[in-house]
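I opened the model today and kept notes on what I looked up. The entries follow in the order I made them.

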Amino acid sequence: MEATAASLVRARDMLARRVIGQEKVVDLTLNALLCGGHALLVGAPGLAKTRLVEALGTVMGLHANRVQFTPDLMPSDILGAEVLETGADGSRTFKFIEGPVFCQLLMADEINRASPRTQSALLQAMQEKRVTIAGAERVLDKPFHVLATQNPIEQEGTYPLPEAQLDRFLLQIDVGYPDRAAERDILLATTGTEDAVAEQVFDAAGLLTAQALIRRMPVGEQVVDRILDLVRAARPGTDDTSALVKDEIAWGPGPRAAQALMLTVRARALMDGRLAPSVDDVAALAHPILVHRMALTFAARAAGRTLDDVIAALVSETLQTDIAA
């Protein structure tokens, strides 16, 4: 655990060379990879989302591919297809041409611009780590991670991701604007004659070892109970529903949200050099775990409420006692 924690410190430093002023985004993305999950990066253009994924491929030693999603993109453009090949002797055979999904780190750029048919082509790959093409199942490389980007500004010509696919993203990472000092560093670092270079820290085998280590970390009963309290309070229509969400949330998080919290709190503790997670980790990760697994009612939207407000209130209500202690 100490060796893995030291390697994670190096990995963060390498990523910070390439992605300046986005420390929280870097930490959450590394967290997703440590947990073996996928992440949805939401932010305006020009905030280094693509640069982050490229740097991650280098630092983590993963074979990375990128797909620019457009409305005319077909499932075969992602998964691959069988083509008829003619040999030198005139014989004809079908040959499978692998698509970009056959990699270890796939960047799905502006995923909400693709049609639902193409979006669903990733569904099996993200959940089962395999795809079915021409009736044959093909197993993807290990590890396999999807880091998808989404532009929240322009919605014309886009197809919102269905709830089933959103739930398969471990985290939603909101990428905001850097502060003034960080933006100054960005200007100085990226407009000169040389750009910072990241070095490899992990490899695929090392990442798989770290993922196995995360699952062996102990989680205290108090932390488990607080995870259950938070997730169950966010669901409307149950005995555990918080009064905060009864009239404001149309649908809430399922068991995958609790599973995601169990994994990510461990990864956050390891990245901080701790041997076990705390309730503070649950509070810190509540928003990126829950925000894409909940939806406001029409009345709540009309009243100007946001999911950020609701989640913050839920965290304060369910976790404030433990955090204060």
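**Entry 1**

I started with K129, which counts as partly exposed because its relative accessibility is 28%. By the cut-offs I use, buried is under 20% relative accessible area, exposed is over 50%, and partly exposed is in between, with a 1.4 Å probe and protein chains only. The model is predicted, so I noted its limits: local features need pLDDT of at least 70, side-chain atom pairs count only at pLDDT 80 or more, and totals for chains, interfaces and linings use all residues. Residues are numbered from 1 along each chain as its sequence is written, and side-chain values use heavy atoms, with hydrogens and water left out.

K129 sits in the loop between α5 (116-128) and β6 (130-133). Helices (H or I, at least four residues) and strands (E, at least two) are DSSP runs, numbered from the N terminus. The phi of K129 is positive, about 60 degrees, although K129 is not a glycine. I wrote down the background: most residues other than glycine have a negative phi, and most peptide bonds are trans.

A48 is another non-glycine residue with a positive phi, near 70 degrees. I found A48 in the loop between β1 (39-43) and α3. A48 is partly exposed, at 28% relative accessibility.

For the peptide bonds, I noted a cis bond joining K142 and P143, with omega about -10 degrees. P143 belongs to the loop between β7 (136-139) and β8.

**Entry 2: the whole protein**

I counted elements next: the protein has 13 helices and eleven strands. Its C-alpha trace spans about 75 × 45 × 40 Å along the principal axes. A compact globule of 325 residues would have a radius of gyration near 20 Å, and the protein agrees with this at 21 Å. That radius is taken over C-alpha atoms, and the globule rule is 2.2 Å times the number of residues to the power 0.38.

Of the 325 residues, 48% are buried. I also looked at contacts, meaning heavy atoms within 4.5 Å. Among contacts with a separation of 6 or more, 76% are between residues 24 or more positions apart.

**Entry 3: the cores and α3**

Which residues touch the most other members of the largest nonpolar core? They are L56, M60 and M294, in a core of 76 residues. Helix α10 (residues 255-271) gives the most to this core, with ten residues. Another core of 28 residues lies apart from it, and L73, I78, C103 and A114 are among its members. A nonpolar core here is a set of buried Ala, Val, Leu, Ile, Met, Phe, Trp, Tyr and Cys residues joined through side-chain atoms within 4.5 Å.

L56 is in helix α3 (residues 49-59), where K49, L52, V53, A55, G57 and V59 are buried as well as L56. Leaving aside neighbours within four places in sequence, L56 has contacts that include L15, T29, L105 and L147. Just after α3, G61 takes a positive phi of about 65 degrees.

**Entry 4: strand β5**

Is β5 largely enclosed or open? Strand β5 (residues 105-109) is largely enclosed by the rest of the structure, because five of its five residues are buried.

I then looked for its partners; two strands pair if DSSP finds at least two bridges between them. Strand β2 (residues 64-68) runs parallel to β5 and is joined to it by five bridges. In that pairing, A64 stands opposite L105. Strand β8 (residues 145-150) also runs parallel to β5, with four bridges, and A108 stands opposite A148 there.

**Entry 5: an aromatic pair**

How many aromatic pairs does a search of the whole structure find? It finds one. F96 and F102 form the pair, edge-to-face, at 5.8 Å centre to centre with 75 degrees between the planes. Rings of Phe, Tyr and Trp (its six-membered ring) pair if their centres lie within 6.5 Å; planes under 30 degrees apart count as stacked, over 60 as edge-to-face and the rest as tilted. Both F96 and F102 are buried.
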